[in-house]
Amino acid sequence: MAIQIKTLEQLQAMRRAGLVVAAIHQAIREAIKPGMTTDALDLIAAAVIKRSGATSNFLNYHGFPATICVSINDEIVHGIPGPKIINDGDIVSIDCGAIVDGWHGDAAFTVGIGRISAEDQKLMDVCEESMWRGIAAGKNGAKLSDIGHAIEEYTKSQGAYGILQEYGGHGIGTEMHQEPHVLNFGKPGNGPVIVPGFVLAIEPMITRGSARTKVLADDWTVVSADKSRGSHFEHTYAVMPDGKPFVLTAFDGGKSELSRLGVEVSDLL
C-alpha cells in the first residue's frame, strides 16, 4: 500500500489544521445543551472554520451536506445535522475536520447531555480510553495491527461492548482518507511497520450491544442494528522525525493522556 510519509514542515501544516479541529471541538463542547438542534452545532463549526481561514473537509465530501457529523444515541457515525432536537440524557457524537493549506485534520468525541446513565458514561469512557491505548500502541517500530489489538484488548476487558467491524481509522494528509485503513480489532504484529512521518486518524466506535450496524435511508447515518447506544472518539496523531508521537488535533499534543500511559510526546511542534 502507498502510505504518505510527511516531512516536519508538512507536519507543521497538519498541526495548523489540527488546531482548527480542536477549536471546533472546544466551541461545540461549550455550546451544546438540551433543546439545541443539531444544525445549530453545524453552524458553530462552520463559523470556527471560517474565522480560522480554513475550509471544511466534510462539506460536500462524496455529497455529504454538512460541516460536521452529529450522531445521537444509537446513531454511531455519519449523522447529518438538521432540525433534530438534542435532549437531556442523550449521548451525542461529533465528528469534524478542517483543511489548512491543503492539509487535513480529523477528530471526533462523544458527550453526554445533562443527566446520563452510568452505563452511558462508562461506554464513553471506555471508547475514549481505547483510543488513547491505540495511539500509545502505534509507536515508532510497531506494526499497524498493534493499534487495533490494543483497542480491542482494552475494550473487551471492560465489558461486553460491540466494536464496529466495517468502520475504522485511516491515514490522513493531503486527503482526509488515505492508506492505511486502521482496524479497531485484530491480532498484533501484522501490517506495515510504523515509521516517522506516519500520520493516522485513530477512531474506535463501540456500542453497548451488538457490533452489527445498518445505514439509514439518508445513505449516511450508521445506526446499531439492535438500537444500542454507541460512542465514537478520534484523534489524528503523527509519528514525528524524532520517533515520538504527537497528537495533532489535541491542544496539548496528547501529553496529558499519553504521559500517564508511559509514552513521551515529541516536542518538535
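**View 1. A nonpolar surface patch formed by I5, V193 and V195 in the predicted model**. Together, I5, V193 and V195 present about 210 Å² of accessible area at the surface, where areas come from the Shrake-Rupley method with a 1.4 Å probe and, for residues, only the protein chains shown count as cover. Patches here are made of residues with over 30% relative accessible area and no salt bridge, nonpolar side chains (Val, Leu, Ile, Met, Phe, Trp, Tyr) being joined within 5 Å and like charges within 9 Å. V195 sits in the loop between β7 and β8 (199–202), and its relative accessible area of 31% makes V195 partly exposed (buried means under 20%, exposed over 50%, and partly exposed in between, with a 1.4 Å probe and protein chains only). The model is a prediction in which local features need pLDDT of at least 70 and side-chain atom pairs count only at pLDDT 80 or more, whereas totals for chains, interfaces and linings use all residues. Residues are numbered from 1 along each chain as its sequence is written, and side-chain values use heavy atoms, with hydrogens and water left out.

**View 2. The antiparallel hairpin of β6 and β7**. Strand β6 (residues 169–171) and strand β7 (residues 178–182) are joined by three bridges, with six residues between them in the hairpin; two strands pair if DSSP finds at least two bridges between them. G169 has V182 of β7 as its bridge partner. Strands (E, at least two residues) and helices (H or I, at least four) are DSSP runs numbered from the N terminus.

**View 3. The salt bridge between R16 and D101**. The closest N and O atoms of R16 and D101 are 3.6 Å apart, a salt bridge being a side-chain nitrogen of Lys or Arg within 4 Å of a carboxyl oxygen of Asp or Glu. Because R16 belongs to helix α1 (residues 8–31) and D101 to the loop between β3 (91–100) and β4 (103–112), the pair ties together parts that are 85 residues apart in sequence. R16 is partly exposed at 42% relative accessibility, whereas D101 is exposed at 61%.

**View 4. The salt bridges of E129**. E129, which is buried with a relative accessible area of 11%, forms a salt bridge with R133 at 2.7 Å between the closest N and O atoms; these two residues are four apart in helix α3 (residues 118–137), about one helical turn. E129 also meets R260 in a salt bridge at 2.3 Å, N to O. Since R260 lies in helix α5 (residues 255–260) and E129 in helix α3, this pair ties together parts that are 131 residues apart in sequence. Salt bridges with shared partners join E129, R133, E257 and R260 into one network.
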